[in-house]
Amino acid sequence: MTESREVNLLKRISMTNMIPVWLKLMLLGAVTAAVAAGPQDTPPPSGQSLYRRRCVMCHGPEGKGFPALKSPDFTDPKWQASLKDKDLVEVIKNGKKETHMPAFADKLTDDEIKTVVAHIRSLGSKEK
Ligand code: HEC
């Protein structure tokens, strides 16, 4: 009598209490593994970080450009309106002849260029 009660109790515990602990440990393991995996598993660089790495020296942190280089002011709504996204992609890929704007076709992937274009657009919309 007592024995079957104990067995029942054990069964109950294993059904209720034990399973969540198990799951918690598994989740903890997954989180720890994800953290340990580190930078390799992080998403691709954002437009902003690509811009900071590749473009900021000639276009400025806010995209206002430098008169000495003749780089345009990305925050100017008129400049923003003057070019379509595909024009921006084109310029970034191929650069501009006779200017200091270099070509990035062999340095950035198409997706990276897209995120940089989005970043340039965001510089425009920050205009106060
Ligand atoms: C070595 C300096 C330099 C770097 C690095 C550079 N640019 Fe430029 N960029 C220029 C200059 C100078 C111009 C202006 C060209 C002109 O006279 O029309 C320009 C123009 C542009 C234009 C506008 C083109 C037009 O027709 O109005 C875009 C868009 C642009 N750059 C994007 C970028 C992006 C995105 C990056 C980084 C991935 C970048 N540039 C990196 C110098 C640079």
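Leaving out anything up to four places away in sequence, G95 touches M101, P102 and A103, where a contact means that two C-beta atoms, placed from the backbone, lie within 7 Å. G95 sits in the loop between helix 5 and helix 6. Helices here are DSSP runs of H or I with at least four residues, strands are E runs of at least two, and both are numbered from the N terminus. G95 counts as partly exposed because it has 14 C-beta neighbours inside 10 Å. The scale works like this: 20 or more other C-beta atoms within 10 Å makes a residue buried, 12 or fewer makes it exposed, and anything in between is partly exposed, with C-beta atoms again placed from the backbone.

A word on the model itself. It is predicted, so to speak of a local feature takes pLDDT of at least 70, side-chain atom pairs count only at pLDDT 80 or more, and totals for chains, interfaces and linings use all residues. Numbering starts from 1 along each chain, following the sequence as written.

**The chain overall**

The chain has 6 helices and 0 strands, so read from the N terminus the elements go α-α-α-α-α-α. Of its 128 residues, 10% count as buried. Among contacts with a separation of 6 or more, 51% join residues 24 or more positions apart.

Most residues other than glycine have a negative phi. Which way does phi go at K70? It is positive, about 65°, although K70 is not a glycine.

**Helix 2 against helix 6**

How do helix 2 and helix 6 pack? Their axes are 8 Å apart and cross at an angle of about 90°. Axes are lines fitted to C-alpha atoms, for helices over the stretch in contact, and angles run from 0 to 180 degrees between N-to-C directions. The pair is therefore roughly perpendicular, on a scale where under 35 degrees is roughly parallel, over 145 roughly antiparallel, 65 to 115 roughly perpendicular and the rest oblique. On the helix 2 side, G47, Q48, L50 and Y51 meet E112, T115, V116, A118 and H119 of helix 6. By class, this contact has 4 nonpolar, 4 polar and 1 charged residues. In this scheme Ala, Val, Leu, Ile, Met, Phe, Trp, Tyr, Cys and Pro are nonpolar, Asp, Glu, Lys and Arg are charged, and the others, Gly among them, are polar.

Some residues from this contact are worth a look one by one. Q48 is in helix 2 (residues 47-54) and is partly exposed because it has 15 C-beta neighbours inside 10 Å. Y51, also placed in helix 2, is buried, with 22 other C-beta atoms within 10 Å. Setting aside neighbours within four places in sequence, Y51 is in contact with V56, V116 and H119. Over in helix 6 is E112, partly exposed with 18 other C-beta atoms within 10 Å.

| Pair | Sequence separation | C-alpha to C-alpha distance |
|---|---|---|
| Q48 and I120 | 72 residues | 8.6 Å |
| E112 and P44 | 68 residues | 8.4 Å |
| Y51 and P61 | 10 residues | 8.6 Å |
| G95 and A105 | 10 residues | 8.6 Å |

**The nonpolar core**

In soluble globular proteins, nonpolar side chains tend to be buried together. Which residues make up the largest nonpolar core? There are 9: L50, Y51, C55, F74, I92, I113, V116, I120 and L123. A core here is a set of buried Ala, Val, Leu, Ile, Met, Phe, Trp, Tyr and Cys residues joined through C-beta atoms within 7 Å. Helix 2 and helix 6 each supply at least two residues of this core, and helix 6 gives the largest share, 4 residues. As for F74, its contacts, not counting residues up to four places away in sequence, are H59, G63, G65, W79, I120, L123 and G124.

**Around the ligand**

Of the 21 residues around the ligand, C55, C58, T99, H100 and M101 come nearest; a residue qualifies as near if its C-beta atom, placed from the backbone, lies within 6 Å. The shell splits into 14 nonpolar, 4 polar and 3 charged residues. Helix 3 (56-59), helix 5 (85-94) and helix 6 (110-125) each supply at least two of its residues.
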